Amino acid sequence: MRFMDRRDAGQRLAGRLAGLKGVNTVVLALPRGGVPVAYQVAHALGVPLEVMLVRKLGVPIEPEIAMGAIAEGPEGGEPVVVLDEATLSALRISPTEVDRVIAGEAQELDRRRRLYRGGRPAPDLAGKTAILVDDGIATGATMRAAVRAARQRRAAAVVVAVPVAATQSLGPLAAEADEIACLKPTDTLVAVGYHYVDFQQVSDEEVMALLHDGPWAAGERPPPRPPTGTAS
């Protein structure tokens, strides 16, 4: 099974999560790729759509390789950091190098916070079910950081929802989340994009179009659907 695009994946994922409709829920997208998927989920459930700001921590000499992840913490608090100790040890990455990468990604988190939220505070998760949505899971580091960040914000339950995921990454996540909804677990995840026909990069402009300020952000009503192609 391949998804046509993130819109298609989100619509299918929404069907799996239909049981949460009417529950005190907020959908939190992991930007940027998770936003078009999460949009469809939030629209189908009729619940607020927001972002959970999280960034992969790439290995200094090979940034595409993850050595962990960082997520925004509670308002005014320290960010949540998840590190892959096995990778750090195998590649002999020093604490100084780790701190340098964390500082750089923390700056990017701050940039996205200001850009995407436009001064709005982070969503209040206390007592709510938080559905964390991404377009796929490879190592699981960013999603684990997101789960821990949602816990810190006192979410009553945390649900991880993705179209596709590496099977080996779901085990550790299952130990931290209350529920996992994955349409396509796979033992051989070469790349998330392989499971999509259209996997174009999502821009900041597309993210902001789907997260526009107003009643939708407040959870009062869903917005109109974006034009075909916006979610790609």
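The model is a predicted one.

How many of the five residues of E1 are buried? Five of the five, spanning residues 25–29, are buried, so the strand is largely enclosed by the rest of the structure. Buried here means under 20% relative accessible area.

## Partners of E1

Which strands pair with E1? One is strand E6, residues 129–133, which pairs with E1 in the parallel sense over five bridges. In this pairing Ala29 stands opposite Val133 of E6.

Another is strand E2, residues 49–51, which also runs parallel to E1 and is joined to E1 by three bridges. Here Val27 has Leu49 of E2 as its bridge partner. Together with helix H2 (residues 34–45), E1 and E2 form a β-α-β unit, and this unit is right-handed.

## The largest pocket

The largest pocket holds about 1,000 Å³ of space. Its lining consists of 35 residues, and those nearest the centre of the pocket are Lys56, Glu64, Asp134, Asp135 and Thr142. By residue type, the lining comprises 17 nonpolar, nine polar and nine charged residues.

Which element supplies the largest share of the lining? Strand E3 does, with five residues. At least two lining residues each come from E3 (54–59), strand E4 (62–71), helix H4 (95–117) and helix H5 (141–152).

## The annotated domain

UniProt, in an unreviewed entry, lists residues 19–195 under "domain: Phosphoribosyltransferase". Over residues 19–195 the model has 34% helix and 29% strand.

## Ser89 in helix H3

Ser89 is part of helix H3, which covers residues 85–90. Is Ser89 buried or exposed? Its relative accessible area is 55%, and the cut-off for exposed is over 50%, so Ser89 counts as exposed.

Between Ser89 and Ala166 there is a sequence separation of 77 residues, and their C-alpha atoms are 23 Å apart in space.

Definitions and conventions. Residues numbered from 1 in each chain as written. Predicted model: local features only at pLDDT ≥ 70, side-chain atom pairs only at ≥ 80, totals over all residues. Heavy atoms only, no water. Buried < 20%, exposed > 50% of the residue type's maximum accessible area, 1.4 Å probe, protein only. Helix = DSSP H or I, 4+ residues; strand = E, 2+ residues; numbered from the N terminus. Pairing = 2+ DSSP bridges. Right-handed = clockwise from strand over helix to strand, strands pointing away. 1 Å grid on protein atoms, 1.4 Å probe; cavity = no way out; pocket = protein on both sides within 12 Å on 5 of 7 lines; lining within 4 Å. Points joined across faces, edges and corners; volume = space filled by probe spheres on them. Nonpolar A, V, L, I, M, F, W, Y, C, P; charged D, E, K, R; others polar. UniProt positions renumbered as here; feature names shortened; annotations may be inferred.
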